[in-house]
Amino acid sequence: MTAGADHTSTANAPLTQHLIRYGMELHPKPIAAAKGAVLTDVDGREILDFTSGQMCATIGHNHPRITAAIAKACDEAIHLFSGMLSPPVLALAKRLAGMLPPSLGKVMLLNTGAEANEAAIKMAKLATGGFEITGYAGGWAGMTSGALSVNFAAGRAGYGPMMPGIAALPAPNAYRCPIRHCCGKCDTTCADVGFDMLDATTTGARAALIAEPVESVGGIIVPPDGYWQKVKAKCAERGMLFIFDEAQTAFGRLGRNFAFEHFGVEPDILSLSKTLGGGLPLSAVATSAELEADLYDKHFTHVTSHVSDPLPAEVGLAVLAVLEEENLNARALEMGARLTAGLTELQARYEIIGDVRGFGLLQGVELVKDRETKEPDPALGSAITRRCAEMGLSMNIVTVASLGAVWRIAPPLTITVAELDRGLAILDDAIAEVLADRGSTSREAAAVPA
Ligand SMILES: Cc1ncc(COP(=O)(O)O)c(C=O)c1O
């Protein structure tokens with residue numbers, strides 16, 4: 001999602017004549033087809049996709065295994081009564097439990113990331129008897145009311161009170177250290193300070209902390225070594241459950257099935273979404289058999305119209321099969337190294353690139369006015385992003401207040417070498433053109449937020 005979308009422009013008026021505008025600057029042309037890493041608009045123009053749709057199409061758009069899975073479900077069953085299970089649901093639950101450690105061996109299948117986080121939050125509240133939920137500055141958890149309460153990147157203003165008992169920790173941002181005096185030598189002091197604040201404000205009814213292992217909308221924040229170990233231990237000391245939200249990071253993007261494997265920290269509850277459905281709405285929540293039994297005894301209820309639906313489960317099975325068959329974890333690391341090398345080379349030539357960071361095929365590029373002051377340059381970033389789209393490359397810039405202006409680069413893991421290189425070349429040309437224009441045209445012309 002993109003913070004600070006343009007709410008006033010009339011440029012999209014013909015497209016949105018019958019649509020409610022929801023806070024995104026829209027691509028000027030409808031997209032007629034999506035295949036692999038390439039989108040084709042209604043005029044037949046191709047656009048390379050460096051965002052995997054909305055960070056979901058990790059195995060590429062319309063992968064033949066996904067379309068076959070949909071066809072299979074159409075022959076068998078698409079949707080059932082919530083009290084009925086089907087072979088694909090049982091198979092996907094077994095498959096996920098087999099990929100996860102025993103401490104996360106019980107799963108429930110839902111649809112969106114926000115819905116999975118709602119379920120995770122409710123599970124934590126019921127299990128602990130508390131209600132205080134802590135998130136992260138810059139974190140994204142979803143747009144429904146409970147998830148929005150711990151969604152600190154954007155979209156909070158104007159909707160009245162959030163859930164009670166909400167707090168946010170500072171993101172462990174090495175480039176913009178929240179604890180200024182340790183800047184330059186990133187350690188885990190920000191976790192100590194954050195928990196000191198929580199301890200000062202708690203009413204004692206703590207329930208959980210929810211975190212993205214690598215914060216994405218918040219600017220691709222990779223925490224320092226030992227950070228998650230420290231945070232998990234602090235949660236355990238305080239009786240808080242530790243929830244990892246792996247909407248964007250699970251199933252290959254960081255070169256592992258799950259990002260928590262990178263950090264060596266297992267959550268008490270795991271939220272999975274986006275990348276599990278490969279473009280269809282499918283999410284899951286996983287926890288231990290012990291917690292599940294406790295919740296069952298306490299009458300945990302989270303019945304939805306599409307809980308345990310067979311069609312998305314069939315698609316989830318196909319996504320996990322492709323992840324393994326096409327060796328996408330290794331591919332993410334290989335292509336990620338190529339992407340990092342390309343971005344670092346751009347950084348060497350363009351002063352506006354203050355930082356390049358990330359893991360595998362989730363890379364962040366921070367745009368600044370000045371490398372010394374690190375003042376963010378969202379207007380320039382938006383102008384280049386727009387130029388990229390005109391030149392055939394779909395890029396996403398996140399402009400979260402005070403955290404900077406960061407391109408979030410996350411192409412499908414199946415992107416070819418030629419496509420990746422073409423995308424980098426377009427980015428290079430777009431930067432050069434916008435910088436050249438900047439001398440001759442008004443700076444304000446580029447100052448429309450994305
Ligand atoms: C980390 C994270 N969690 C949850 C969500 C919400 O998922 P959804 O939009 O499917 O509700 C998002 C969406 O961007 C996300 O990035």
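**Close-up 1. Helix H4 and the shell around the ligand.** In this predicted model, helix H4, which spans residues 113-128, supplies three residues to the shell around the ligand, the largest share of that shell. The residues around the ligand are Thr112, Gly113, Ala114, Asn117, Trp140, Ala141, Gly142, Glu212, Asp245, Ala247, Gln248 and Lys274.

Close-up 2. For glutamine 248, an N or O atom of the side chain is 2.7 Å from an oxygen atom of the ligand. For alanine 114, a polar backbone atom is 2.8 Å from a ligand oxygen. For lysine 274, the distance between a polar side-chain atom and an oxygen atom of the ligand is 3.1 Å. The ligand taken alone exposes 390 Å², and the protein buries 85% of that area.

**Close-up 3. The open sheet of seven strands.** The strands of this open sheet follow the order S4-S10-S9-S8-S7-S5-S6, and their pairing is mixed. At the edges stand strand S4 (106-110) and strand S6 (166-169), each of which pairs on one side only. On average, and with direction ignored, neighbouring strands of the sheet are turned by 20° against each other.

Close-up 4. Strand S8 (residues 241-245) and strand S9 (residues 269-272) run parallel and are joined by three bridges. Across this pair, isoleucine 243 stands opposite isoleucine 269, a residue of S9.

Close-up 5. Helix H9, formed by residues 289-297, lies across S4, S8, S9 and S10. Relative to S10, helix H9 runs at about 100°.

**Close-up 6. The open sheet of four strands.** Here the strand order is S11-S12-S15-S14, and the pairing is antiparallel. Strand S11 (353-359) and strand S14 (397-398) are the edge strands, each pairing on one side only. Within the sheet, four bridges link strand S12 (residues 362-367) to strand S15 (residues 406-409) in the antiparallel sense. Glutamine 363 stands opposite isoleucine 409 of S15.

**Close-up 7. Helix H11 on the sheet of four strands.** Helix H11, which comprises residues 328-349, packs on this sheet. The strands touched by helix H11 are S11, S12 and S15. The direction of the helix makes about 170° with that of S11.

Technical notes. Residues are numbered from 1 along each chain as its sequence is written. This is a predicted model: local features need pLDDT of at least 70, side-chain atom pairs count only at pLDDT 80 or more; totals for chains, interfaces and linings use all residues. Side-chain values use heavy atoms; hydrogens and water are left out. A residue is near a molecule or strand if one of its heavy atoms lies within 4 Å of it. A polar contact is a pair of N or O atoms within 3.5 Å; within protein, one must be able to donate a hydrogen and the other to accept it, and residues adjacent in sequence count only if both atoms are side-chain atoms. Accessible areas come from the Shrake-Rupley method with a 1.4 Å probe; for residues, only the protein chains shown count as cover. Helices (H or I, at least four residues) and strands (E, at least two) are DSSP runs, numbered from the N terminus. Two strands pair if DSSP finds at least two bridges between them. Axes are lines fitted to C-alpha atoms, for helices over the stretch in contact, and angles run from 0 to 180 degrees between N-to-C directions. Contact means heavy atoms within 4.5 Å.
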